[in-house]
Amino acid sequence: MRDKPYHHGNLQTELIEEGLALIYEQGMASFSLRKLVKRIGVSPTACYNHYKNVEDLLCAMKAYVTEKFSKALVNSAKGVEDRYAAIEMGKAYVVFFASHPHYFTFIYDNGDYSITLTEASFDGDYEPFLIFKDIAKRSLTVCGVPEKSYRDTLLRMWATVHGLAAMANMKGFHYDGDWGTLTEQVLQGRRE
């Protein structure tokens, strides 16, 4: 609990960020608004002024992380030649979650999204995945990859960056190098 009274310009963001950190540390099963308000030193009323219940806050957390992740992916490809956009996006994917491990756990430890990977469909309702797919397809097109190979190539690319992001979030795994450089090396097949 804070020593001083809580005076913050953006309590909504504070509740979301601290809520995500609390879930990361203690798990979703033990998450409660009572624990959250105690952690940040505000009254329950202050929390209820922004979120009517825990489900409302969890929805806001999901939207918050999804928006930040989507922006990171989109911004990574801005002003980059299509040929290199997928690599820059892959780096952004891994670095985003290496920098925010509590986001990775929150987003991927639930089933609130749908992604379909079949011969007939490579789609979903998870905005960051759709952004990833669109940017990667631009790179594949410029690099001359046949359209019939898009699905499996995209799946390999996604598995690579998602796997690296998962490694960056493993509590017992420690890497002292730069995640962005490692991701670029892996995606380009370089050994250094």
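**Entry 1: the chain as a whole**

I began with contacts, meaning heavy atoms within 4.5 Å: among those in the chain between residues at least 6 apart in sequence, 63% join residues at least 24 apart. I note that this is a predicted model, where local features need pLDDT of at least 70 and side-chain atom pairs count only at pLDDT 80 or more, while totals for chains, interfaces and linings use all residues. Residues are numbered from 1 along each chain as its sequence is written, and side-chain values use heavy atoms, with hydrogens and water left out.

I then listed the elements, taking helices (H or I, at least four residues) and strands (E, at least two) as DSSP runs numbered from the N terminus. The chain has nine helices and two strands, and I read their order from the N terminus as α-α-α-α-α-α-β-β-α-α-α. Along the principal axes, the C-alpha atoms fill a box of roughly 60 × 40 × 30 Å. For burial I used relative accessible area with a 1.4 Å probe and protein chains only: buried is under 20%, exposed is over 50%, and partly exposed is in between. Of the 192 residues, 39% count as buried.

**Entry 2: tyrosine 24**

I found tyrosine 24 in helix H1, which covers residues 11-26. Tyrosine 24 is partly exposed because its relative accessible area is 23%. Leaving out residues up to four places away in sequence, I saw tyrosine 24 touch Pro101, His102, Thr105, Asn169 and Lys171.

**Entry 3: serine 76**

Next I looked up serine 76, which sits in helix H4 (residues 54-77). Is serine 76 buried or exposed? Serine 76 counts as buried, because its relative accessibility is 13%. I also checked for polar contacts (N or O atoms within 3.5 Å, one able to donate a hydrogen and the other to accept it, with residues adjacent in sequence counted only if both atoms are side-chain atoms). A polar atom of the serine 76 side chain lies 2.6 Å from the backbone oxygen of leucine 73. Beyond four places in sequence, serine 76 touches Glu88, Met89 and Ala92.

I searched a 1 Å grid over the protein atoms alone: a cavity is a set of points where a 1.4 Å probe fits but cannot get out, and a pocket is an open set with protein on both sides within 12 Å along at least five of seven lines. Lining residues have an atom within 4 Å of a point. The count came to one cavity of 30 Å³ or more. I noted Lys62, Phe106, Ile107, Asn110, Asp112, Tyr113 and Tyr126 as the lining of the largest cavity.

The second largest pocket has a volume of about 170 Å³, the space filled by probe spheres set on the grid points, which are joined across faces, edges and corners. Its lining includes Arg83, Ser139, Cys143 and Leu187. Helices H5 (82-99), H7 (127-142) and H8 (150-168) each supply at least two lining residues, and H5 gives the largest share, three residues.

**Entry 4: cysteines**

How many disulfides are there? With a disulfide taken as two cysteine sulfur atoms within 2.5 Å, I counted zero. Cysteine 47 is in none, and the nearest cysteine sulfur, that of cysteine 59, is 14 Å away. Cysteine 47 counts as buried because its relative accessibility is 0%, whereas cysteine 143 is partly exposed at 43%.
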